[in-house]
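Open your viewer and get ready to click along. We will go from the overall fold to single residues, one selection at a time.

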Amino acid sequence: FERGQWNVKLDKLDYEHFLPIFFDGIREVKEPYIFLAREGVRDLLKEGSSKILPVIPRLIIPIKTALNTRSIPIVCEMIKVLMKLVTSHELIGEALVPYYRQILPVFNLLRHKNKNTGDGIDYGQKNNLNVGDLIEECLELFELNGGEDAFINIKYMIPTYQSNVQRN
């Protein structure tokens, strides 16, 4: 099971209809649904460009629902999807700022939840399942791509957030 095969060119696809369905699929816990949802989201974000922006409001509930499962593998996958989303088109970062109040509460809860292995080895690191690190990386991308109001809105939802973003 390597790659999904699309029967339609992605630029002809109805993003309003399909993108929220694939986002909702990120919560799946059984194969092949996990694979199909992740590949679908990845492909649509990669090819979607300006078609993604109008769909942002319809993505918030699937995003929030996945994050609210608090299942670390699902939360980590949704954070990776959010990082792809915020970098998929120049205006998306700013379009997400009004939705931080729905997206960021779970970030605040799980932000400091990194594995403490002591002297052990964290094998989950190679799969990028260290939720605290992923959250920090995602918050930086949100700040970097979210325009001038991003930082203050992140700070409102996550009071302990410290900016690492360098401004010119």
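**Before you click.** This is a predicted model, where local features need pLDDT of at least 70, side-chain atom pairs count only at pLDDT 80 or more, and totals for chains, interfaces and linings use all residues. Residues are numbered from 1 along each chain as its sequence is written, and side-chain values use heavy atoms, with hydrogens and water left out.

**Stop 1: the whole chain.** Show the cartoon view. You will find 8 helices and 0 strands; helices (H or I, at least four residues) and strands (E, at least two) are DSSP runs, numbered from the N terminus. Of the 168 residues, 43% count as buried, meaning under 20% relative accessible area with a 1.4 Å probe, protein chains only. Now think about contacts, which are heavy atoms within 4.5 Å. Among contacts with a separation of 6 or more, 70% join residues 24 or more positions apart.

**Stop 2: the core.** Select Leu85 and Phe107. These two have the most contacts inside the largest nonpolar core, a group of 49 residues. A nonpolar core is a set of buried Ala, Val, Leu, Ile, Met, Phe, Trp, Tyr and Cys residues joined through side-chain atoms within 4.5 Å. Two or more residues each come from α1 (15–24), α2, α3 (56–68), α4, α5 (92–96), α6, α7 and α8 (150–157). Which helix gives the most to this core? It is α4, with 10 residues. Stay on Leu85 and show what surrounds it: leaving aside neighbours within four places in sequence, Leu85 is in contact with Phe23, Leu45, Ile52, Ile56, Leu59, Ile63, Ile92 and Leu96. In soluble globular proteins, nonpolar side chains tend to be buried together.

**Stop 3: the rings.** The model has 4 aromatic pairs. Rings of Phe, Tyr and Trp (its six-membered ring) pair if their centres lie within 6.5 Å; planes under 30 degrees apart count as stacked, over 60 as edge-to-face and the rest as tilted. Select Tyr100 and Phe142, a stacked pair with 5.2 Å centre to centre and 5° between the planes. Tyr100 lies in helix α6 (residues 100–110) and Phe142 in helix α7 (residues 131–145), so this pair ties together parts 42 residues apart in sequence. Both Tyr100 and Phe142 are buried.

Phe107 sits in helix α6 and Phe142 in helix α7, 35 residues apart. Ring pairs link Tyr100, Phe107 and Phe142 into a cluster.

**Stop 4: a loop residue.** Move to His89, in the loop between α4 and α5. Is His89 buried or exposed? With 17% relative accessibility, His89 counts as buried. Not counting residues up to four places away in sequence, His89 touches Ser49 and Ser50.

**Stop 5: the cavity.** Finally, select Ile26, Arg38, Val41, Arg42, Glu77, Lys80, Val81 and Lys84, which line the largest cavity. On a 1 Å grid over the protein atoms alone, a cavity is a set of points where a 1.4 Å probe fits but cannot get out, and lining residues have an atom within 4 Å of a point. The largest share of this lining, 4 residues, comes from α4.

How values were computed:
On a 1 Å grid over the protein atoms alone, a cavity is a set of points where a 1.4 Å probe fits but cannot get out, and a pocket is an open set with protein on both sides within 12 Å along at least five of seven lines; lining residues have an atom within 4 Å of a point. Buried means under 20% relative accessible area, exposed over 50%, partly exposed in between (1.4 Å probe, protein chains only).
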